[in-house]
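Trainee: I would like a close look at a single part of this model. Please walk me through it step by step.

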Amino acid sequence: MINSVPHLKQLLRQLQQVPYLASKNLYRVVDHLLGSDPRMVANLCDALTKARDQIIRCSDCFIWIERSKPCSFCTSSKRDQSVVCVVQSWQDALSIETSESYRGLYHVLCGLVSPLDGVGPQDLTVQHLVRRVEKGKIKEIILALNQTPEGEATSIYVVGQLKKSGVMVSALSRGVPAGGSIAFMDRLTIYQALSDRRSLSGNL
Ligand SMILES: [Zn+2]
């Protein structure tokens, strides 16, 4: 059926390359787009092209920023430059930011150690974090990683890599539900997990 509609086949082939779209939802997305106002589709394509061109990761914290502007986190005088919250993804940093319970800096690891998915420590930004700490201004690292086997394995690796620096390392409280994802935690849970954070420095 799809073979007789080559443009549809081409669209599906392109969208199937997007990991989180390659599911049954893909057909809903396509259905929605094909039934939309052509101007809306043109605006979407334009926004995507411009975003891909103009948005880059901050070279310090790895949060997405405008290519032409400094990072609003790393360069802000209103934020505590001595504390860095380490997260798996930009989405997790957004969730913590939405909770309004944290005013320090961030460091996005761009993933978690996951041997089954072929992701090793070298694929993450841990060495950039070590170099940030070595500059001497950072007094505390808060590990805000998902409480999953991958999150735990990544925490152990990061703690090991920071050992030499002597920086204080803490993690979110055990109040975070096991298997829980930071991105889907509500504001109050994030606030409590940050306030009751436990020290990992004893493990250094
Ligand atoms: Zn930054």
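Trainee: Is strand 5 mostly covered or mostly uncovered, and how many of its residues are buried?

Mentor: First, the ground rules. This is a predicted model: local features need pLDDT of at least 70, side-chain atom pairs count only at pLDDT 80 or more, and totals for chains, interfaces and linings use all residues. Residues are numbered from 1 along each chain as its sequence is written.

Strand 5 is mostly covered, with four of its five residues buried. Buried means 20 or more other C-beta atoms within 10 Å of the residue's own; exposed means 12 or fewer, partly exposed is in between, and C-beta atoms are placed from the backbone. Strands (E, at least two residues) and helices (H or I, at least four) are DSSP runs, numbered from the N terminus.

Two strands pair if DSSP finds at least two bridges between them.

Take the partners of strand 5. Strand 3 pairs with strand 5 in the parallel sense over five bridges. Cys85 has Ile142 of strand 5 as its bridge partner. On to strand 6: four bridges join it to strand 5, and the two run parallel. Here Ile142 is bridged to Ser170 of strand 6. The chain goes from strand 5 through helix 6 to strand 6, a right-handed β-α-β crossover. Right-handed means that, with the strands pointing away from the viewer, the path from the first strand over the helix to the second runs clockwise.

Next, the core. The largest nonpolar core has 39 residues; Ile141, Leu143 and Ala144 are among those with the most contacts inside it, as are Cys85 and Val86. Such a core is a set of buried Ala, Val, Leu, Ile, Met, Phe, Trp, Tyr and Cys residues joined through C-beta atoms within 7 Å. Strand 5, helix 5 (126-134) and helix 6 (149-162) are among the elements that each supply at least two residues of this core. In soluble globular proteins, nonpolar side chains tend to be buried together.

Finally, Val86. Leaving aside neighbours within four places in sequence, Val86 is in contact with residues including Ile141, Ile142, Leu143 and Ala144. Contact means C-beta atoms, placed from the backbone, within 7 Å. Val86 also has a bridge partner in strand 4, His107.

Conventions. Two residues are in contact if their C-beta atoms, placed from the backbone, lie within 7 Å.
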